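Here is a short briefing on one protein chain, written for a reader who is new to looking at structures. Please keep the sequence and the 3D view at hand while working through the points.

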Amino acid sequence: MNTFLCRSAFISDVHLGTPDCKAAYLLDFLRQLRCEKLYLVGDIIDMEALAKRHWWHAAHSAVIAEIFALARRGVEVIYIPGNHDAPMRRLHGQNFGGVRIALDAVHVGADGRRYRVSHGDEFDSEQVGRRWMLFGEAMHRMICWSNRRLHAMRQRLELPYLPLSIIIKSHVGKALAYIRAYEERVAADARGRGFDGHICGHIHFGHVRELDGVLYLNDGDWVEHCTVLVEDHTGAMELIHWSEQSTALGRASRELVWPSPAAALALAPLGVSRRHLGELRRAA
Ligand SMILES: [Mn+2]
């Protein structure tokens, strides 16, 4: 069996308990994962959706079982709840079978860089965002539905997974403007607190970028884009898409930041325009 080695891994916005969750890809990733630390950066179980509608799949239970299996094997697992699993926040400080619940965390990289880790919904209280979100929610549901259909069709044609919403989102100027403003708020907060960067999720838009000397690292989601942020043993941070193939979307080492080009990413199928992990590692 293949293994994926790294120092730490950050995943968020899994939304277990909703039919849009790409549990099979996540399960594949978790089974290959060999790391020291695993951060669950919120919206892991969609308790909000479950409160409205009962939906569950065996693969979703398998994801949870796999996380506990990692903890049993000695991986330090830190669970930082988000807005969709907010009730878990009341349990901060507790430890469930090796999974520690916290409101936020400070991650110290192998290269000594310090990052604040939080889900990121605290940066999303502005009215601009709310309005976009309200409009976005209906559109998002439609996109997720289309995405499921597109994915089923591409699977039948044996084509690799291609997220649809990243294409649409990147062409919606308002959405992009909102994402940019959000990223700047997050980076400004990290700068103000004296961190080297901030690691979050929440907006379902994985990104590696530098904003005035501070790293903005968004680990993306497992609803549409199937992305994980990983840290290698030198402290370099890499955003990876994981489906039939693993593809590096962006990378930030101490020496070099190779930002994930969101718009460019949307225009070409993943894996075609992006360099593969091996190539990227050799180049860095
Ligand atoms: Mn969220």
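Asp212 has its place in the loop between β11 (207–211) and β12 (214–218), and this position is taken from a predicted model. Asp212 counts as exposed, because it has 8 C-beta neighbours inside 10 Å, and a residue with 12 or fewer is placed in that class.

**The chain as a whole**

- The chain holds eight helices and 16 strands, and of its 284 residues 41% are buried.
- When neighbours within four places in sequence are left aside, Val41 is in contact with Phe10, Ile11, Ser12, Ile80, Val117, His119, Ile199, Cys200, Gly201 and Asp219.

- Is His15 buried or exposed? His15 lies in the loop between β2 (8–11) and α1, and it is buried, because 26 other C-beta atoms are found within 10 Å, where 20 or more are needed for that class.

**Two helices that pack together**

- Helix α1 (residues 23–32) packs with helix α3 (residues 58–72) at an angle of about 20 degrees, and their axes are 9 Å apart.
- Since angles under 35 degrees count as roughly parallel, α1 and α3 are therefore roughly parallel to each other.
- The crossing that α1 and α3 make is left-handed.
- On the side of α1, the contact is made by Ala23, Ala24, Leu26, Leu27, Leu30 and Arg31, while α3 brings Ala59, His60, Ala62, Val63, Glu66, Ile67 and Leu70.
- Sorted by class, the contact of α1 with α3 has 10 nonpolar residues, one polar residue and two charged residues.

- Gly250 is found in strand β15 (residues 246–252), and it is buried, with 25 other C-beta atoms within 10 Å.
- Not counting residues up to four places away in sequence, Gly250 touches His207, Val208, Leu239, Trp258, Pro259 and Ser260.
- The C-alpha atoms of Gly250 and Gly206 are separated by 9.4 Å, although these two residues are 44 residues apart along the chain.
- Val108 lies in strand β8 (residues 105–108), and this residue counts as exposed, with 12 C-beta neighbours inside 10 Å.
- Val108 and Gly235 are 127 residues apart in sequence, and from C-alpha to C-alpha they are 9.0 Å apart in space.

**A residue in helix α2**

- Glu48 lies in helix α2 (residues 47–52), and it is partly exposed, because it has 17 other C-beta atoms within 10 Å.
- How many residues apart in sequence are Glu48 and Pro87? They are 39 residues apart in sequence, and their C-alpha atoms are 9.4 Å apart in space.

Note on methods
Residues numbered from 1 in each chain as written. Predicted model: local features only at pLDDT ≥ 70, side-chain atom pairs only at ≥ 80, totals over all residues. Axes fitted to C-alpha atoms, helices over the stretch in contact; angles between N-to-C directions. Helix = DSSP H or I, 4+ residues; strand = E, 2+ residues; numbered from the N terminus. Parallel < 35°, antiparallel > 145°, perpendicular 65-115°, else oblique. Left-handed = near helix turned anticlockwise from the far one by under 90°. Contact = placed C-beta atoms within 7 Å. Nonpolar A, V, L, I, M, F, W, Y, C, P; charged D, E, K, R; others polar.
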